[in-house]
Amino acid sequence: MPHTSLPQLLQALLLSKSPLRYRFLSPVEWATLAYTLLTTLLVLVLLNGSGDAQRLLTARAFVVVGVAFFYAFYRWRPSRFTFFLRYLYPMVLLSFWYPDTYDFSRHFPNLDHFFAKADEWLVGCQPSITFSRALPQKCWSELFHMGYFAYYPLILLTVLSPIMLCRQRFERTAFVVLMSFFFYYLIYLLLPVAGPQYYFHAIGMEQAEAGHFPALGHYFQTHTDMAVSPGPEGFFRSLVEATQADGERPTAAFPSSHVGISTVLLLLLWRNSRRLFVWSLPFYIALCCATVYIQAHYLVDVLGGLLTAPLFFVASDAIYKRWRRMTWNRLTEKLKHHA
């Protein structure tokens, strides 16, 4: 058997349909399993004995089974498509993990009164009320509702666009987005803040305008009614209302993940494609304004999102780099063994 150098083996494996490194769990799979394990422990510690516990534990078992299925499917039929499925599944699960935060946070006393008072102290009024009233015209309403809805296409654009560039960039981008979401979700699990759409609807707009912000205790444990979006009827307003009616819960107001994740997305676009960054920037600005305009967030929520986003971006990126170094070391060891 002719001698094959280590660089030749590396090149052969990395160019093959099933590189050795992809036989390990991917970073998004590790992140998903870690988040699943951590929230499982929280269920056992915080919610054990509650009516939600069994349902939440069963759901987490299905998450693990799904990760194992797509990993096994890739090992059975390695291809770019099955590799993509291994990344698609954890990303799709974000739509499950978001309302899941409500199942935790609703067991704690609501804290909206603190955040409404923070806005009052910061600017002397409630921006989520005065902003939409200052710009009630349909053109402004549609602009900001479009910006709010642009959050979802912006996620798809940021995660999928690197596929055309290189696989490594796709992996890194998907991981940073997923891990940033998990950082925000961990906060939402234990910080019960519903946002103006829920809180002002519960206490009455008159009290909110008068600066009276009573504590509601466990009110949102059984009440999930929210106020309608401000502004006249319009296409984008209807889209936002339909999206919120389907998946919104009285949870996850502080810090604003719409602002935080969108900031992370812009940082990724700046790194991956300056042209896409420039095209996305106006939508990002409209989105940040929209969170207050449609009364989804307090102003302090927006500031919290802007402050936490760079931290979560750097932390997620550092974790990815560490995973890649560890995987490369394992790959090198296996190649040395084969050589």
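**Why is it called that? Questions about a predicted model**

Me: Where is the place of glutamine 197?
Reply: Glutamine 197 belongs to helix α11, which covers residues 196-203. A helix here is a DSSP run of H or I with at least four residues, and a strand is a run of E with at least two, both numbered from the N terminus. This is a predicted model, where local features need pLDDT of at least 70, side-chain atom pairs count only at pLDDT 80 or more, and totals for chains, interfaces and linings use all residues. Residues are numbered from 1 along each chain as its sequence is written, and side-chain values use heavy atoms, with hydrogens and water left out.

Me: Why is glutamine 197 called buried?
Reply: Buried means under 20% relative accessible area, exposed means over 50%, and partly exposed is in between (1.4 Å probe, protein chains only). Glutamine 197 has 3% relative accessibility, so it counts as buried.

Me: What does the side chain of glutamine 197 reach?
Reply: It reaches the backbone oxygen of isoleucine 294, at 3.2 Å. A polar contact is a pair of N or O atoms within 3.5 Å; within protein, one must be able to donate a hydrogen and the other to accept it, and residues adjacent in sequence count only if both atoms are side-chain atoms. Leaving aside residues up to four places away in sequence, glutamine 197 touches several others, including Ile294 and Gln295; a contact means heavy atoms within 4.5 Å.

Me: How do you know whether glutamine 295 is buried or exposed?
Reply: Its relative accessible area is 8%, so glutamine 295 is buried. This residue lies in the loop between α15 (274-293) and α16 (299-338).

Me: Where is alanine 252, and why is it called buried?
Reply: Alanine 252 is in the loop between α13 and α14. With 4% relative accessibility, it therefore counts as buried. Phi of alanine 252 is positive too, near 65°.

Me: What is omega for the peptide bond from phenylalanine 254 to proline 255?
Reply: Omega is near -15°, and the bond is cis. Proline 255 lies in the loop between α13 (235-247) and α14 (257-272).

Me: Which residues form the nonpolar patch on the surface?
Reply: They are Leu37, Leu41, Leu44, Val45, Leu46 and Leu190, with about 560 Å² of accessible area together. Five of these residues come from helix α2 (residues 27-46), the largest share.

Me: What makes leucine 44 partly exposed?
Reply: Its relative accessible area is 42%, so leucine 44 falls in the partly exposed class. This leucine is found in helix α2.

Me: How many helices and strands are there in the protein?
Reply: There are 16 helices and zero strands. Of the 339 residues, 50% are buried.

Conventions:
Patches are made of residues with over 30% relative accessible area and no salt bridge: like charges are joined within 9 Å, nonpolar side chains (Val, Leu, Ile, Met, Phe, Trp, Tyr) within 5 Å. Accessible areas come from the Shrake-Rupley method with a 1.4 Å probe; for residues, only the protein chains shown count as cover. A salt bridge is a side-chain nitrogen of Lys or Arg within 4 Å of a carboxyl oxygen of Asp or Glu.
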